[in-house]
Amino acid sequence: MRTLFVTVDPAFPPTSGAELRSWQNVKAASELGPVLLTSIGPPGPGIPPLGIEVGYIKGMDASDVWRSDFDVTFSADTIEQFRSAAANFRPDVIVLESLPLSNLAKVARDYTRVLIIDLHNVESDLVAQEIHGTRDPDTHRSIERRARRIRSIEQRAAAVADVLWVCSSIDRDRLVNDGADVRGIYVVPNGVPRPESIQDRPPYNEYCRRPIFLFIGHLGYSPNVEAALILLELMPALWDRIAGARLILAGRNPHPMISGRSQTGKIDVIANPSSTSPLLLAAHLAVMPLQRGSGTRIKALEAIAWGLPVVATPLAIEGLQLENGVHVSIAENAGAFVAAICDLCENSTLYEARRLAARRHVMSNFGPQAVRRAVHAGLQLAVRS
């Protein structure tokens with residue numbers, strides 16, 4: 001099976017959720033046959049996995065795509081380059097990675113009999129979440145109009161694709177509620193990223209005087225910016241209970257509201273880390289007060305796989321089938337967040353039980369074997385349908 005993936009500006013090694021999902025799918029597909037990864041704009045630095053050919057379409061970059069608010073107008077030159085790549089590669093399947101690329105679908109149809117659009121998020125639902133807490137009627141109506149417009153783009157993508165891939169059954173149900181045919185939607189879960197790099201960590205001691213709380217994500221992405229700002233606001237209350245606590249915020253392109261917030265020995269903002277492995281190994285807790293989001297959070301899967309207990313909002317672990325009080329600590333407000341963090345830091349028995357139960361669950365349901373099976377089945381079922 002020859003599979004052509006089209007994505008936006010992929011970096012290697014990947015750090016953002018979109019990059020991690022795209023690379024997991026590409027790597028699994030390469031086990032079934034030749035793969036060409038074609039990037040809109042030059043791919044980021046780094047060496048991709050062996051056996052995967054990478055090309056790029058010149059003349060556009062990621063900012064051109066994301067400025068379009070999901071309804072991209074591709075230039076004639078971009079379309080011609082895409083046609084040339086597809087004609088030369090002769091794919092059995094074309095996978096468009098994310099909603100903004102769905103406007104290439106009609107062109108892609110000329111070069112394959114199977115077209116898949118991978119929806120990393122249900123973007124209309126993500127936009128609609130902005131309504132919560134909005135009191136201004138004009139802002140409320142503006143958000144509703146934008147959500148409806150993006151929903152129409154998702155419906156158009158569902159109509160033109162043979163199959164939509166989504167991250168979870170929750171996202172599948174959202175699309176079905178908006179009129180999509182459930183028979184054309186397949187769940188390919190986000191998986192544990194870079195499982196081969198996971199290292200064993202020493203047991204936690206509740207007498208640790210300087211626990212490290214970690215949040216990793218694209219720090220220019222608005223839901224992550226909001227979560228990071230919440231954590232910064234929580235730190236004074238945590239320092240009252242745990243004087244030596246330290247917060248690390250790490251990820252690509254930190255927003256100006258975050259980039260200047262480092263405090264020696266207390267808060268570290270790490271921009272564009274070359275590797276997250278040292279951060280995951282050094283940390284004691286993963287903290288995720290996300291208020292908005294869709295898909296499933298790869299940052300939660302990664303932290304749990306590395307043996308970190310997680311304190312999170314319900315939305316931050318949505319779609320992962322993690323049980324509060326068994327696998328994770330769920331907190332819905334600032335006071336509960338602080339209390340849950342302190343409970344884990346002050347009780348090593350609870351800490352160990354929570355992290356080990358979560359890790360077993362995640363590796364069984366979202367580990368490399370589970371993801372490979374899902375991607376292989378998603379491709380093979382699409383070809384047979």
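I am working with a predicted model.

**Surface.** I looked up the accessible surface of the protein and found about 16,400 Å², with 51% of that belonging to carbon and sulfur atoms. I then checked burial: 54% of the 385 residues count as buried.

**Overall build.** I listed the secondary structure and got 14 helices and 13 strands. Along the principal axes, the C-alpha atoms fill a box of roughly 65 × 50 × 35 Å. I also compared the radius of gyration with the globule rule: a compact globule of 385 residues would come out near 21 Å, and the protein has 21 Å, so the two agree.

**Contacts and charge.** Among contacts with a separation of 6 or more, I see that 67% join residues 24 or more positions apart. For charge, I noted 40 positive and 40 negative side chains, and the centres of the two sets lie 2 Å apart.

**Cores.** Which residues have the most contacts inside the largest nonpolar core? I wrote down Phe213, Leu247, Leu249, Met288 and Ile341, in a core of 62 residues. Helix α8 (residues 222-241) gives this core its largest share, 9 residues. Apart from this core I found another, of 37 residues, with Phe74, Ile117, Ala157 and Leu164 among them.

**A closer look at Leu249.** Leaving out residues up to four places away in sequence, I find that Leu249 touches Phe215, Leu219, Ala228, Leu231, Leu232, Ile258, Asp268, Val269 and Ile270.

Key:
Residues numbered from 1 in each chain as written. Predicted model: local features only at pLDDT ≥ 70, side-chain atom pairs only at ≥ 80, totals over all residues. Heavy atoms only, no water. Helix = DSSP H or I, 4+ residues; strand = E, 2+ residues; numbered from the N terminus. Rg over C-alpha atoms; globule rule 2.2 N^0.38 Å. Buried < 20%, exposed > 50% of the residue type's maximum accessible area, 1.4 Å probe, protein only. Contact = heavy atoms within 4.5 Å. Areas by Shrake-Rupley, 256 points an atom, 1.4 Å probe, with all protein chains shown as cover. Lys, Arg positive; Asp, Glu negative; His and termini not counted. Charge placed at Lys NZ, Arg CZ, Asp CG, Glu CD. Core = buried A, V, L, I, M, F, W, Y, C linked by side-chain atoms within 4.5 Å.
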